[in-house]
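Colleague: I'm new to reading structures, and I'd like to learn how to look at one piece by piece. Could you walk me through it?

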Amino acid sequence: MIGEEFASGDSYIHRLDPRMKILIAVSYAIVIAVSDKLPVLLCGLFFPVVLVAIARLNMKKVLFRLLIVNGFIFLLWIFLPFTYPGKPFFSIGPLTASWEGTVYASMITIKSNAIILASIVLLATSSITTLVHALKHLYVPEKLIHIFFFCYRYIHVIHLEYLKLTHAMKIRCFTPKTNMHTYRTYAYLVGILLLRSYDRSQRVYDAMLCRGFKGKFWMLDHFELKKSDMVSGSVMTLYIIGLVILQWGRIIA
Amino acid sequence: MGTNNSLIHLEEIIFGYPSRPNVLDKFSFTFSRGERVGLVGANGSGKTTLFHIIMGLLKPHDGKIEILGKQRDKESDFREVRERIGFLFQDADDQLFCPTVAEDIAFGPLNLGKTHDQAREIVRETLDILGLTGFEDRVTYNLSGGEKKLVSLATVIAMKPEVLLLDEPTTGLDEETTERIIDFLNSNSDFSYIIISHDREFLERTTQYIHRIKDGKMLDTVSSQGVIMKTGNTIRTVR
């Protein structure tokens, strides 16, 4: 279900302390998301690209993920340049695209790709388990972590449940068509999946109570900040500060 | 009335779900230290419900529950019960929820107030006992069915319970894994446990006698060799 296909690997990036990777990814994403200058964004895009190269990720898989994101971005390109008011830039038939609209669409494209790439290379290179631990060490509220982790943990189980049900449908010769029978069957499928998930959550909670659960989760492992973490952490932080200065420097000065 | 030796004493327990006949109908049952009993009965005869009532996960409509020498009514009464009685769920996927095997096994002992070092030691010991040495860092949901069951058992015995309640511990397991569970249960004559199972051979090899439940009542008690020892509803097992 959730393949964690980038998590296995042994590059420099994979070995970095996950706490630091989370902090860098979040601050980078914020800076890129609020920036409104094209040069800043172009400089920003440079960062995850270099990291992807260092992490030696499977380029095909990375590009495939980006393709999914850009599918949505493509829709923006259909509307934005032609509806945004500004200087005419180019025209297709009766439609005229504005320069401002085109720049705006480009910025959104660069932002999305940069942030997704950074998430892939910084977050997806750690397993979910490690990320959960790291979040805890970063003092993220326990309840949020529980929701995140239990979603991940039980999506897998619910997916298996879903497969079981669809198999049960298939062996009784169910083929989806455009008719009431199909709609009703899918409604039943969703309904029973909800019921089963609810039941399971109740049983899991009961099992936790039976082992003395009082609202606290425990961690056995602790991370160690290595010298290499400090060095690369400082370099990346400086880079992000550089982006901030590039973006807001004049306002501050 | 429970004697000093009785760990679990239920009297005339009534429990049911709406618009159906009661699952447990004036059900009485006594379980003493050192006993090893099996619980059999048709599907839906109330075996799992009985375990849930003992653990305080379900509240009976009527009847008296006495566990570990005290009457238990409220949720808070059952905290101690849960610390001292270990319950293995039917489905291992309900029981295992921590990222790694070690954390899952350590979860119970840490809840009981053990330190991290003690918990680690318990994890190692428990895995050794069940022949799962080296499983510490395995991710729980990637285990095979048999491994999941053994790890679930490990999470329960890591709390060193005085009584084990095992709900169909061998369903769906291969012979080798079943043998491991049998070996574990027979490894210590101090164990007290109640096992729900449909596997007669398994019960013969692990229990002294078998209670049969029917229509929400105790039907009779049969020795593992098949001799009826006691018939009737209210039951005090004879040794």
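Colleague: Let's start with helix packing. Which residues of H4(A) meet H5(A)?

Modeller: First, keep in mind that this is a predicted model. On the H4(A) side the residues include A:Val62, A:Leu66, A:Val69, A:Ile73, A:Leu76 and A:Trp77. Among their counterparts in H5(A) are A:Tyr104, A:Ala105, A:Ile108, A:Ser112 and A:Ile116. By class, the residues of this contact are 14 nonpolar, six polar and one charged.

Colleague: And how do I describe the way two helices lie against each other?

Modeller: Two packed helices are described by the angle between their axes and the distance between the axes. Here, H4 (residues 59–83) and H5 (residues 99–122) of chain A have axes that come within 9 Å and cross at roughly 165°. An angle over 145 degrees counts as roughly antiparallel, and therefore H4(A) and H5(A) are roughly antiparallel to each other. Their crossing is right-handed.

Colleague: Let me try another pair. At what angle do H6(A) and H7(A) pack?

Modeller: The angle is about 175°, and the axes are 10 Å apart. So H6(A) and H7(A) are roughly antiparallel too. From H6(A), A:Ile128, A:Val132, A:Leu135 and A:Lys136 take part, and they meet A:Ile145, A:Phe148, A:Phe149 and A:Tyr152 in H7(A). That contact has seven nonpolar residues, no polar ones and one charged.

Colleague: What about strands? How do I read those?

Modeller: Strands of a sheet pair through backbone hydrogen bonds, either parallel or antiparallel.

Colleague: How many residues of E1(A) are buried?

Modeller: The count is zero among its five residues, and E1(A) is hardly covered.

Colleague: Now chain B. What is the strand order in its sheet of seven strands?

Modeller: Read across the open sheet and you get E6-E7-E8-E3-E9-E10-E11, with mixed pairing. At the edges stand E6 (85–88) and E11 (228–231) of chain B, each with a single partner strand, so one side of each has no neighbour in the sheet. Ignoring direction, neighbouring strands are turned by 20° against each other on average. For a pair inside this sheet, take E3 (residues 36–41) and E9 (residues 209–214) of chain B: they run parallel and are joined by five bridges. B:Leu39 has B:His211 in E9(B) as its bridge partner.

Colleague: I also see a sheet of four strands. How is that one arranged?

Modeller: That open sheet of chain B has the order E2-E1-E4-E5, and the pairing is antiparallel. Its edge strands are E2 (24–32) and E5 (70–71), each pairing on one side only. Between E1 (residues 6–15) and E4 (residues 62–67) of chain B there are five bridges in the antiparallel sense, and B:Glu11 has B:Lys64 in E4(B) as its bridge partner.

Colleague: Which helix lies across E1, E2 and E4 of chain B?

Modeller: That's helix H1 (residues 47–54) of chain B, running at about 115° to E1(B). Six of the eight residues of H1(B) are buried, so this helix is largely enclosed by the rest of the structure. Among the buried ones are B:Leu50, B:Phe51, B:Ile53 and B:Ile54. After H1(B) comes B:Gly56, with a positive phi near 80°.

Colleague: Can we zoom in on a single residue? Is B:Ile182 buried or partly exposed?

Modeller: It takes 20 or more C-beta neighbours within 10 Å to be buried. B:Ile182 has 16 inside 10 Å, so B:Ile182 counts as partly exposed. This residue belongs to helix H7 (residues 175–186) of chain B. Setting aside neighbours within four places in sequence, B:Ile182 is in contact with B:Phe202, B:Arg205 and B:Thr206. B:Arg205 is 23 residues away along the chain, yet the two C-alpha atoms are separated by 7.3 Å.

Colleague: Last one: how many residues are in contact between the two chains?

Modeller: Chain A brings 19 residues and chain B brings 26. On the chain A side, H6 (128–137), H7 (142–170) and H8 (180–210) each supply at least two residues. The largest share, eight residues, comes from H8(A). By class, this side of chain A has ten nonpolar, three polar and six charged residues.

Methods
Residues numbered from 1 in each chain as written. Chains lettered and ligands numbered in written order. Predicted model: local features only at pLDDT ≥ 70, side-chain atom pairs only at ≥ 80, totals over all residues. Contact = placed C-beta atoms within 7 Å. Nonpolar A, V, L, I, M, F, W, Y, C, P; charged D, E, K, R; others polar. Buried ≥ 20, exposed ≤ 12 C-beta atoms within 10 Å, placed from the backbone. Axes fitted to C-alpha atoms, helices over the stretch in contact; angles between N-to-C directions. Parallel < 35°, antiparallel > 145°, perpendicular 65-115°, else oblique. Left-handed = near helix turned anticlockwise from the far one by under 90°. Pairing = 2+ DSSP bridges.
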